[in-house]
Amino acid sequence: MFRDVLIALHSSDVTSHSHREVLILYYDIAVRYSDILQDKPELLPNILTSISGDKGLQHQHPRVRSRSCYLLLKLVKALGPTLRPFVETAIGGIQSLLSNQVLSLHPEDSLYLFETIGLLLGRTALSDDEQQGYLIAVMTPHMQMIDSVLKSSDIDTDPETVGDTLSFLVASL
């Protein structure tokens, strides 16, 4: 009976709800009962598209973005190789957020995302070429940010802030 309720929830349009807390609660439920997603992988595209897109990682509200970073990591840890067909969806959402200069991201959320990428690349049996392609796509903007900080004129005028920024960027590697 409870299983049927979860399947109905995943099959519904709950991610279209306008209130941010509804989204967060849905993602939390999806992670908490992720074993159903292993049994019913046809439910995965909706949850991954939502949590990786503008209803999760790209959401305008920082709390939704933050929780989505953490819950995506937990989902990837729970599902591992089951996510093989959906790696592009998840990494695309992560890449979009990490390279977005408008949406703010807490440092620990970035670390969650980089750990998620590592798990997706390492646990989903991707070929070496696929891993390399995804890694280049995600890390190139990150490396460009490091280069930009190193070339910044603030390096002399505000070394403390530049040092904090650089340490965060390097820790993400």
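Reader: As I understand the terms, a residue is buried under 20% relative accessible area, exposed over 50% and partly exposed in between, with a 1.4 Å probe and protein chains only. Is glutamine 58 buried or exposed, then?

Author: Glutamine 58 counts as buried because its relative accessible area is 15%. Please note that this is a predicted model, in which local features need pLDDT of at least 70 and side-chain atom pairs count only at pLDDT 80 or more, while totals for chains, interfaces and linings use all residues. Residues are numbered from 1 along each chain as its sequence is written, and side-chain values use heavy atoms, with hydrogens and water left out.

Reader: Where is glutamine 58 in the chain?

Author: Glutamine 58 is in the loop between α4 and α5. Such helices (H or I, at least four residues) are DSSP runs, as are strands (E, at least two), and the numbering starts at the N terminus.

Reader: Which residues does glutamine 58 touch?

Author: Apart from residues up to four places away in sequence, glutamine 58 touches Ser52, Gly53, Arg65, Gly93, Ser96, Leu97, Asn100 and Leu103. Contact here means heavy atoms within 4.5 Å.

Reader: Moving on to α5: how many residues does α5 have, and how far does α5 reach?

Author: Helix α5 covers residues 62-79, which makes 18 residues, and spans 25 Å from its first C-alpha to its last. That is close to the 26 Å expected, where the expected span is 1.5 Å times one less than the number of residues.

Reader: Which residues of α5 are buried, and what covers them?

Author: The buried residues of α5 are Val64, Arg65, Ser66, Ser68, Cys69, Leu71, Leu72, Leu73, Leu75, Val76 and Leu79. Their cover includes α2 (20-32), α3 (35-39), α4 (44-52), α6 (87-98) and α7 (107-123). As background, an α-helix has 3.6 residues a turn, so residues three or four places apart point the same way.

Reader: What follows α5?

Author: Glycine 80 follows α5, and its phi is positive, near 45°.

Reader: What is alanine 125's phi, and is alanine 125 buried or exposed?

Author: Alanine 125 lies in the loop between α7 and α8. Its phi is near 60°, a positive value in a residue other than glycine. Alanine 125 counts as exposed because its relative accessibility is 67%.

Reader: How much space lies in the largest pocket?

Author: The largest pocket holds about 310 Å³ of space. Of its 18 lining residues, the closest to the centre are Leu98, Leu105, Ser110, Met145 and Phe168. A pocket is an open set of points on a 1 Å grid over the protein atoms alone, with protein on both sides within 12 Å along at least five of seven lines; a cavity is a set of points where a 1.4 Å probe fits but cannot get out, and lining residues have an atom within 4 Å of a point. Grid points are joined across faces, edges and corners, and the volume is the space filled by probe spheres set on the points.

Reader: Which element gives the largest share of that pocket's lining?

Author: The largest share comes from α10, with four residues. By class, the pocket lining has ten nonpolar, eight polar and no charged residues. Ala, Val, Leu, Ile, Met, Phe, Trp, Tyr, Cys and Pro count as nonpolar, Asp, Glu, Lys and Arg as charged, and the others, Gly among them, as polar.

Reader: What lines the largest cavity?

Author: The largest cavity, with a volume of about 30 Å³, is lined by Gln95, Leu98, Ser99, Val138, Pro141, His142 and Met145. Helix α8 gives the most to this lining, with four residues.
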